[in-house]
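Please read the following briefing alongside the sequence and the 3D structure.

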Amino acid sequence: SSTVSITDSSVATFTTSLSTTSINEGQSVTVTVNTTGIPDGSTLFYTTSNTTDVTPTSGSFTINSNTGSFSITASEDLLVESAETFTVSIRTVSISGVITSTTNAVTIANTTTFAISSSTNIPAEGDTITLTVTTTGVPDNTRLYFTTSGAAGTTADITPNEGHFDITNNSGTFTITTIQDF
């Protein structure tokens, strides 16, 4: 009797690369997956480690000629925050399948800023003060809200105590008036 040995040399490999490792809010990164031993037309899946600041957070893509790619976009929000990161895991079978590879971290840079300036630094009683809010990363026609407080947290010295204004060309203004005591 003779023995026949069969060696399977079709071990699948998965290698990920990123178009960049640093993006701003609102920008995208392309994830490319290079494979060996995966037939054309095969579907692979992905999930992200950060599910609140990117879209989509999971999905599928197709391998053809040993490669496949997809894009992930960082959400643009109105929060002033520190940089955030995410990774992408490549999976087989489904979005909960076995992880075959994970990308390096992608850093999301915050693009939203707010600065406020006043028409006067030391208002007298009865003065009207124009406050200008200068922004970056805030879309036109975004409505922002304000509340005011006086000395020791009181609102009796300022009117109005709350309100709103709209951002246009990275700027918005509102006015408040200090109350004249008699």
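**Briefing on selected residues**

Gly68 is buried, with a relative accessible area of 7%, where buried means under 20% relative accessible area, exposed means over 50%, and partly exposed covers what is in between (1.4 Å probe, protein chains only). This is a predicted model, in which local features need pLDDT of at least 70 and side-chain atom pairs count only at pLDDT 80 or more, while totals for chains, interfaces and linings use all residues. Residues are numbered from 1 along each chain as its sequence is written, and side-chain values use heavy atoms, with hydrogens and water left out.

**Buried residues and their surroundings**

- Gly68 lies in strand β7; helices (H or I, at least four residues) and strands (E, at least two) are DSSP runs, numbered from the N terminus.
- Leaving aside neighbours within four places in sequence, Gly68 is in contact (heavy atoms within 4.5 Å) with Val31, Thr32, Val33, Phe61, Thr62 and Ile63.
- Gly68 and Thr16 are 52 residues apart in sequence, and their C-alpha atoms are 9.8 Å apart in space.
- Phe174 belongs to strand β17 (residues 171-178) and counts as buried because its relative accessible area is 10%.
- Apart from neighbours within four places in sequence, Phe174 is in contact with Ile116, Ile129, Thr130, Leu131, Val133, Phe146 and Phe165.
- Between Phe174 and Leu79 there are 21 Å in space, C-alpha to C-alpha, and the two are 95 residues apart in sequence.
- Thr48, in strand β4 (residues 42-48), has a relative accessibility of 9% and therefore counts as buried.
- The side chain of Thr48 has a polar atom 3.0 Å from the backbone oxygen of Asn50; a polar contact is a pair of N or O atoms within 3.5 Å, where within protein one must be able to donate a hydrogen and the other to accept it, and residues adjacent in sequence count only if both atoms are side-chain atoms.
- Contacts of Thr48, with neighbours within four places in sequence set aside, are Val54, Pro56, Thr57, Ile72, Thr87 and Val88.

**Charged side chains**

- The structure holds 1 salt bridge, a term for a side-chain nitrogen of Lys or Arg within 4 Å of a carboxyl oxygen of Asp or Glu.
- This salt bridge is formed by the side chains of Asp166 and Arg143, at 2.9 Å from N to O.
- Asp166 lies in strand β16 and Arg143 in strand β14 (residues 143-147), so the pair ties together parts that are 23 residues apart in sequence.
- Both partners are partly exposed, Asp166 with a relative accessible area of 34% and Arg143 with one of 40%.
- Arg91, in strand β9 (residues 88-91), is buried yet has no salt bridge, and the nearest side chain of opposite charge, that of Asp53, is 18 Å away; here Lys and Arg count as positive and Asp and Glu as negative, while His and the chain ends are not counted.
- A polar atom of the Arg91 side chain lies 2.8 Å from the backbone oxygen of Gly97.
- Residues up to four places away in sequence not being counted, Arg91 touches Leu44, Phe45, Thr47, Ser96, Gly97, Val98, Ile99 and Thr100.

**Backbone geometry**

- Most residues other than glycine have a negative phi, and most peptide bonds are trans.
- A cis peptide bond joins Thr55 and Pro56, with omega about -15 degrees, and Pro56 is found in the loop between β5 (54-55) and β6 (58-63).
- The bond from Thr159 to Pro160 is also a cis peptide bond, its omega being near -5 degrees, and Pro160 is located in the loop between β15 (158-159) and β16 (162-166).
- Ser65, in the loop between β6 and β7, is not a glycine but has a positive phi of about 50 degrees, and Ser65 counts as exposed because its relative accessibility is 59%.
- Asn66 lies in the loop between β6 and β7 and has a positive phi near 70 degrees, while its relative accessible area of 38% makes Asn66 partly exposed.

**Nonpolar surface patch**

- Leu78, Val80 and Phe114 form a nonpolar patch on the surface, with about 250 Å² of accessible area together.
- Val80 is placed in the loop between β7 (67-74) and β8 (84-86), and with 56% relative accessibility Val80 counts as exposed.
- Patches are made of residues with over 30% relative accessible area and no salt bridge, with like charges joined within 9 Å and nonpolar side chains (Val, Leu, Ile, Met, Phe, Trp, Tyr) within 5 Å.
- Accessible areas come from the Shrake-Rupley method with a 1.4 Å probe, and for residues only the protein chains shown count as cover.
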